[in-house]
Amino acid sequence: MTRPGLHTLTGGRGLLFGGDYNPEQWPEHVWAEDAELMRAAGVNLVTVGVFSWARIEPEPGARDFAWLDRVLDLMDESGIAVDLATPTASPPPWLGHRRPETLPVDESGHRLWYGSRNQFCPSSPVYREHALALVEDLATRYAGHPALALWHVGNEYGQVCHCDESAEAFRTWLKARYGDLDALNEAWGTTFWSQRYGDWAEVVTPRRAPYIINPSQQLDWRRFCSDALLDHFRAERDLLRRHTPDIPVTTNFMGLFKPVDAWSWAREEDVVSNDHYPDPADPLAPARTALTHDLMRGLAGGGPWLLMEQAASAVNWRPHNPPKPPGRLRLESLQAVARGADGLCYFQWRASRFGAERFHSAMLPHAGPDTRLHAEIRAHGRELRELARVAGRPVPARVAMVFDWPSWWALEERGRPSDRLNAVEQLFSYYLPFWERGVTVDLVPPSADLTGYALVVVPNLFLVSDADAGAMTAYVHGGGVLVVGPFSGIVDPRAHVRTGRFPAPLRAVLGASGEEWQPVEGPVRCRWAGGAEFDAHTWTELVAAEGAETVAAFAGDGRPAVLRHRAGEGVAWYVATMPEPDALGELAERALADAGVDGILPEPRHGVEAVRRGEILFLLNHGTETVRVPLPRPATDLLTGSAADGHVVLAPRAVAALVEPSPQTPPPGDDIEITL
Ligand code: GLA
């Protein structure tokens, strides 16, 4: 049976618009006003009940659903669909008080208490029993309710626990992976530092220890933690599916969030959703956001995804929280639409009066509806209705970028040549030049089928399996263009170093190999074969060409810094250092030329984003200056109805959604000016 998905919600509704709705924080007379204001703002989806466990089950075994019945009925009468949450992210104090073993324990053995949220041990059978009993009753109660459109399991999974029950669950997981202790000892390399295990009972979680912990043990621990949470997610999901087979199930990711291997999670849910809060103090935030959105599209298998949470204005959890200036709310939301989102939701609908998030912005601020912020929300809701045709449309990409959680985990263990290598920063530094040129990139896991892409970029893949290295090699031989960044292909899936010249499993396809990593303090001068120079930083490698041409060399001693190798029908690049941004731009252009891929923007424009979704070309100005963007063809802006020929002029924070007119349409007029 095909599973329901985001299309189940968008069919008939167009793009989804709404947010977290926490009516339990308000007296009932406020709910009616909420519903009215939601309707006026064009809200068509709300997430209800995320933190309502204590309200529904005020004491063990009790159930109070009457209030939730009224909320769902009200939403239904108002034509607003409900994304109903299982409230299992924040158990009530009575659970931790009566059953302290459900509370998580940190790596030093300290128990974390209630009084905040997320206080549960993912491996606690008692927590699970209580959580599932509640989910079962919730599902029984609301199966068939006309407002129920989506299930939202838990919230932002990422909890870790080192208690004895977690250690027992870790051992069970390890037994399934390795079978016996000999295999575990071999995989963890326990002849090192006298770490051999003679009895399963000796195996514990990587608790606080005097010095560096075994990296293979740490890697398996991270795998286990992600799997343990996933197991809990699945248990809730299966129960929900049993009661409501036609209602899709999601849980909200947090982008490039280290604790959870999103590739393994995404295939277990019906809808991929994400919470994203760009840092207003980061000038590169728009590009980082684009990367996160592209990851979500990748997790959704190229299909649409849901922006489950964003802030209408300021958050309250950074040390200093300026509001979003006028127009940024719209710009950021439309950026998600352009990169494949079919739903634009916020945390939260109405700002809380009390609690830890009372100073977090909301769609409806404390000051009420007659505010500039709420006016922007309303205008945005209206505008999204005009964009309904975008729903379900694909975002085509000919370039893929590989990212992998176990490799990330393994790379960033202690005791390596440089702590300054950061998997996400490395990914972002390679992503940025493509974003600046309007080249759409799909994020993919290393096991993805690469054959449909003209160019595959691997910014760092420290840990690689033989199979994935083989597939990359075959991809190049079959005509693909591959770019591999430094310190890739170094360890196997157990985090054991692959001996021989590196990167051992990719050496043949790269036509190059190395023998020594040489991290550096200051910048290192490099020279392109044509003579132009650039700086690299942090990392260099002693590498020799073995059939590859040296495209750039370290200026000091002339040894290779960037290599290019024709292998079979394709081309493989190897970058043995960390070039400065402009040099990565040059590298991206050369690799794009090898692959025959053009960017939408004729030259890099930092702050201007260009991406195609379906037949629409989105242009977004994240910068502070008005820009003039040349158009490949005449087009009409869906957002304003104006026609443009030649150029579009975009004020700061302006967006154009351009469609090329069909041949019958009369020729377009002059340039158009888009202002807020
Ligand atoms: C997360 C959570 C929400 C809320 C917001 C605040 O995304 O899921 O409950 O705490 O952050 O930004």
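The chain of this predicted model exposes about 26000 Å² (Shrake-Rupley method, 1.4 Å probe), of which carbon and sulfur atoms supply 51%. Of its 676 residues, 59% count as buried, that is, under 20% relative accessible area, with exposed meaning over 50% and partly exposed in between. Local features need pLDDT of at least 70 and side-chain atom pairs pLDDT 80 or more, whereas totals for chains, interfaces and linings use all residues. Residues are numbered from 1 along each chain as its sequence is written, and side-chain values use heavy atoms, without hydrogens and water.

Along the principal axes, the C-alpha trace spans about 80 × 75 × 50 Å. Residues 24 or more positions apart account for 72% of the contacts (heavy atoms within 4.5 Å) with a separation of 6 or more.

Aromatic pairs number 25, where rings of Phe, Tyr and Trp (its six-membered ring) pair if their centres lie within 6.5 Å; planes under 30 degrees apart count as stacked, over 60 as edge-to-face and the rest as tilted. The rings of tryptophan 193 and tyrosine 211 form a tilted pair, with centres 5.6 Å apart and planes at 40 degrees. Tryptophan 193 is partly exposed at 47% relative accessible area, while tyrosine 211 is exposed at 52%. Phenylalanine 462 and phenylalanine 487 form another tilted pair, 4.9 Å centre to centre with 40 degrees between the planes. Here phenylalanine 462 is buried at 9% relative accessibility, as is phenylalanine 487 at 4%. One aromatic cluster comprises Phe170, Trp173, Trp188, Tyr197, Trp221 and Phe224.

Key. Buried means under 20% relative accessible area, exposed over 50%, partly exposed in between (1.4 Å probe, protein chains only).
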